[in-house]
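Here is a friendly walk through a fold, written for someone who likes to know the cut-offs behind each term. Please keep the viewer open while you read.

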Amino acid sequence: MKILVAYYTKTGNTKKVAESIHQALDTNDKELKSMKEVEDVGGYDLIFCGFPVHAHSVPVPAQNFLKKIQPSTKVVLFSTHGSQTEGQMPKEAIRNAIGLVKGEVLGSFTCRGEVEQEVIDELMNKPEHRAWAMEARSAQSHPDSADLEDARFFARNIIRKAEGFAKFARK
Ligand SMILES: Cc1cc2nc3c(=O)[nH]c(=O)nc-3n(C[C@H](O)[C@H](O)[C@H](O)COP(=O)(O)O)c2cc1C
């Protein structure tokens with residue numbers, strides 16, 4: 001099974017999660033690349049696709065990447081976000097991402113990621129965004145070591161699931 005871990009990142013949080021996922025994959029047939037480095041999305045059996053949540057959704061470069069993936073390729077989604085993990089925003093972004101993928105989505109993982117101070121400062125000055133800016137402030141120091149361990153655990157489980165499908169298909 002040939003696996004790609006592809007990520008889009010602005011400030012490095014999503015890259016950290018991508019590196020942990022890549023590290024957890026117990027195979028030599030794996031690659032770790034930023035989405036813009038990937039010349040051809042074909043030729044992989046499974047692609048982990050990671051992005052930061054921007055404006056409740058998927059940043060445009062990541063949208064374009066997801067749309068290019070062929071239906072025969074299995075996809076796993078992961079994201080980082082400033083909001084609390086239990087909130088609606090991360091779920092909404094993952095739902096939007098699923099809508100862009102033609103093939104099967106095996107699962108998704110999200111965790112918090114520190115938000116740029118400039119963004120928080122700007123939103124603090126807008127009464128309608130102040131509550132979110134306060135929430136986003138508490139994402140400081142994420143993804144932390146527990147988030148990255150969760151990401152590795154998630155990746156190992158996904159691989160078990162994908163291998164189960166592959167065995168079933170061969171029977
Ligand atoms: C322009 C912009 C918009 C953002 N919008 C959201 C949002 O709607 N919801 C959210 O939870 N986090 C939002 N964030 C926070 C990022 O998703 C979060 O900090 C993420 O971990 C950044 O990942 P990166 O370091 O890989 O770029 C936004 C950040 C930026 C810069």
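The text below goes from the sheet to the core, then to the ligand shell and a few backbone details.

This is a predicted model, in which local features need pLDDT of at least 70 and side-chain atom pairs count only at pLDDT 80 or more, while totals for chains, interfaces and linings use all residues. Residues are numbered from 1 along each chain as its sequence is written.

**The sheet**

Helices (H or I, at least four residues) and strands (E, at least two) are DSSP runs, numbered from the N terminus. Two strands are said to pair if DSSP finds at least two bridges between them.

| Strands | Sense | Bridges | Facing residues |
|---|---|---|---|
| Strand 1 and strand 2 | parallel | five | Tyr7 and Ser34 |
| Strand 1 and strand 3 | parallel | five | Tyr7 and Gly50 |
| Strand 3 and strand 4 | parallel | seven | Gly50 and Phe78 |
| Strand 4 and strand 5 | parallel | seven | Ser79 and Thr110 |

Strand 1 pairs with strand 2 (residues 30–34), and the chain gets from strand 1 to strand 2 through helix 1 in a right-handed β-α-β crossover. Right-handed here means that, with the strands pointing away from the viewer, the path from the first strand over the helix to the second runs clockwise. Strand 3, helix 2 and strand 4 form a right-handed β-α-β unit, and strand 4, helix 3 and strand 5 form a right-handed one as well.

How many residues of strand 3 are buried? Seven of its seven are, where buried means 20 or more other C-beta atoms within 10 Å of the residue's own, exposed means 12 or fewer, and partly exposed lies in between, with C-beta atoms placed from the backbone. In a regular strand the side chains alternate between the two faces of the sheet. For strand 3, Leu46, Phe48, Gly50 and Pro52 are buried on one side, and Ile47, Cys49 and Phe51 are buried on the other.

**The core**

In soluble globular proteins, nonpolar side chains tend to be buried together. The largest nonpolar core in this model has 39 residues. Such a core is a set of buried Ala, Val, Leu, Ile, Met, Phe, Trp, Tyr and Cys residues joined through C-beta atoms within 7 Å. Val5, Ala6, Ile21, Ile47, Phe48, Cys49 and Ala155 have the most contacts inside the core. Elements that give two or more residues to this core include strand 1 (3–7), strand 3 (46–52), helix 3 (88–100) and helix 6 (145–170).

Two residues are in contact if their C-beta atoms, placed from the backbone, lie within 7 Å. Not counting residues up to four places away in sequence, Ile21 touches Val5, Phe48, Phe78, Ala151, Arg152 and Ala155. Arg152 belongs to helix 6 and, leaving aside its neighbours within four places in sequence, is in contact with Ser20, Ile21, Gln23 and Ala24. Arg152 counts as partly exposed because 16 other C-beta atoms lie within 10 Å.

**The ligand shell**

Which of the 21 residues around the ligand come nearest? They are Asn13, Thr14, Pro52, His81 and Gly113. Helix 1 (13–24) and strand 4 (74–81) each supply at least two residues of the shell. By class, the shell has six nonpolar, 12 polar and three charged residues. Ala, Val, Leu, Ile, Met, Phe, Trp, Tyr, Cys and Pro count as nonpolar, Asp, Glu, Lys and Arg as charged, and the others, Gly among them, as polar.

**Backbone details**

Most residues other than glycine have a negative phi, and most peptide bonds are trans. Ala55 has a positive phi near 50° and sits in the loop between strand 3 and helix 2. With 8 C-beta neighbours inside 10 Å, Ala55 is exposed. Ser141, in the loop between helix 5 and helix 6, has a positive phi of about 75°. Ser141 is exposed because 11 other C-beta atoms lie within 10 Å. The loop between helix 5 (130–137) and helix 6 also holds Pro143, which a cis peptide bond joins to His142, with omega about -5°.

How values were computed
A residue is near a molecule or strand if its C-beta atom, placed from the backbone, lies within 6 Å of it.
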